[in-house]
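Thanks for making time this morning; I would like to take you through one model, and I will go slowly enough that you can follow along on the screen. Please have a look at it first.

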Amino acid sequence: MVRRLRFNGTASVGGGCPSVYEDVPREVLADFGPRDREPVVIDLEAFGRLFETFEHTAWRLETRGRYGSDELTDTYAQFTRGEPVQWDHDDDWCRNVRDQVAQGKRFERVRIVDSPPTTGQLYLLDNARRNCGAGEDIRNLPRLRAGELSLPEEDFWVFDSRFVALLNFDGDDLIDVELITEPVAVNRYLQARDAAWHFAVPYDEFAAGLPAADR
């Protein structure tokens with residue numbers, strides 16, 4: 001096999017140091033080098049505090065067809081009965097979003113939607129009006145397009161482009177959250193965020209494009 005070396009230069013001028021060549025790509029070394037750090041897992045209470053202490057951006061990818069916590073709410077029951085949903089615009093989440101946005105921070109999400117959408121996805125599409133009214137920016141992306149973009153098939157938040165909160169589910173229930181801070185790993189999620197955000201469309205535009213039978 002032919003091995004190709006890339007010249008990276010030398011660190012001294014006339015001092016006799018050898019030239020440096022790259023044989024193995026840096027990303028291979030970063031991805032497959034030994035790791036001795038255990039995953040950092042936090043409980044849901046600590047996770048909740050992240051939404052008050054982040055500095056400038058909180059961005060989420062939602063990939064699931066249903067969330068067990070949604071289905072336990074009165075609003076979900078109203079939605080599935082075909083009734084107008086009585087959204088609470090002054091709950092803890094909305095108050096915090098308004099407070100953080102007033103400080104110049106941003107809340108953004110991309111929600112992956114099946115074709116046809118699941119009941120849970122349609123429920124969240126209806127919910128987006130409330131959340132965006134509080135200050136979020138929520139967009140949607142068809143699952144087929146997400147596959148073409150090779151987006152992760154997992155839910156996560158990115159805070160301040162510095163660390164990732166990977167959501168761990170047991171069935172349909174969120175059980176805990178893993179914090180990812182290793183730069184190469186975080187960068188993968190940032191690349192997914194940028195691709196998803198580029199191709200996703202605002203929730204109201206997405207809803208208007210759905211067939212009437214899917215709404």
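Let me begin with a question: which side chain does Asp155 meet in a salt bridge? The partner is Arg60, with 2.8 Å from N to O, where a salt bridge is taken as a side-chain nitrogen of Lys or Arg within 4 Å of a carboxyl oxygen of Asp or Glu. Asp155 sits in the loop between helix H6 (143–148) and strand E7 (156–159), while Arg60 belongs to strand E4 (residues 57–62), so this pair ties together parts that are 95 residues apart in sequence. Both residues are buried, and for accessibility the terms are buried for under 20% relative accessible area, exposed for over 50%, and partly exposed in between, with a 1.4 Å probe and protein chains only.

Before going further, a word on what we are looking at. This is a predicted model, in which local features need pLDDT of at least 70 and side-chain atom pairs count only at pLDDT 80 or more, while totals for chains, interfaces and linings use all residues. Residues are numbered from 1 along each chain as its sequence is written, and side-chain values use heavy atoms, with hydrogens and water left out. Helices (H or I, at least four residues) and strands (E, at least two) are DSSP runs, numbered from the N terminus.

Back to the charges, then. Arg64 and Asp172 form another salt bridge, with their closest N and O atoms 3.5 Å apart. This pair also links distant parts of the chain, since Arg64 is in the loop between E4 and helix H3 (74–80) and Asp172 is in the loop between E8 and E9, 108 residues apart. Arg64 is partly exposed at 22% relative accessibility, and Asp172 is partly exposed at 25%. Salt bridges with shared partners also join Arg60, Glu62, Arg109, Arg111, Glu136 and Asp155 into one network.

For a local example, take Glu45 and Arg49, whose side chains meet at 3.6 Å, N to O; both lie in helix H2 (residues 44–53), four residues apart, about one turn of the helix. Glu45 is exposed at 59%, whereas Arg49 is partly exposed at 45%. The model holds 20 salt bridges by this rule.

Now to the sheet. It is an open sheet of eight strands with mixed pairing, in the order E3-E9-E8-E7-E4-E5-E6-E10, and two strands count as paired if DSSP finds at least two bridges between them. E3 and strand E10 (201–202) are at the edges with a single partner strand each, so one side of each has no neighbour in the sheet. Strand E3 (residues 40–42) pairs with strand E9 (residues 173–180) in the antiparallel sense over three bridges; here Val40 faces Leu179 and Ile42 is opposite Val177. On strand E8 (residues 163–170), which runs antiparallel to E9 and is joined to it by seven bridges, Ala165 has Leu179 as its bridge partner. E8 and E9 make a hairpin with two residues between them, and Gly171 in the turn has a positive phi of about 70°.

I will finish with the lining of the largest pocket. Twelve nonpolar, eight polar and twelve charged residues make up that lining, where Ala, Val, Leu, Ile, Met, Phe, Trp, Tyr, Cys and Pro count as nonpolar, Asp, Glu, Lys and Arg as charged, and the others, Gly among them, as polar; a pocket is an open set of points on a 1 Å grid over the protein atoms alone, where a 1.4 Å probe fits, with protein on both sides within 12 Å along at least five of seven lines, and lining residues have an atom within 4 Å of a point.
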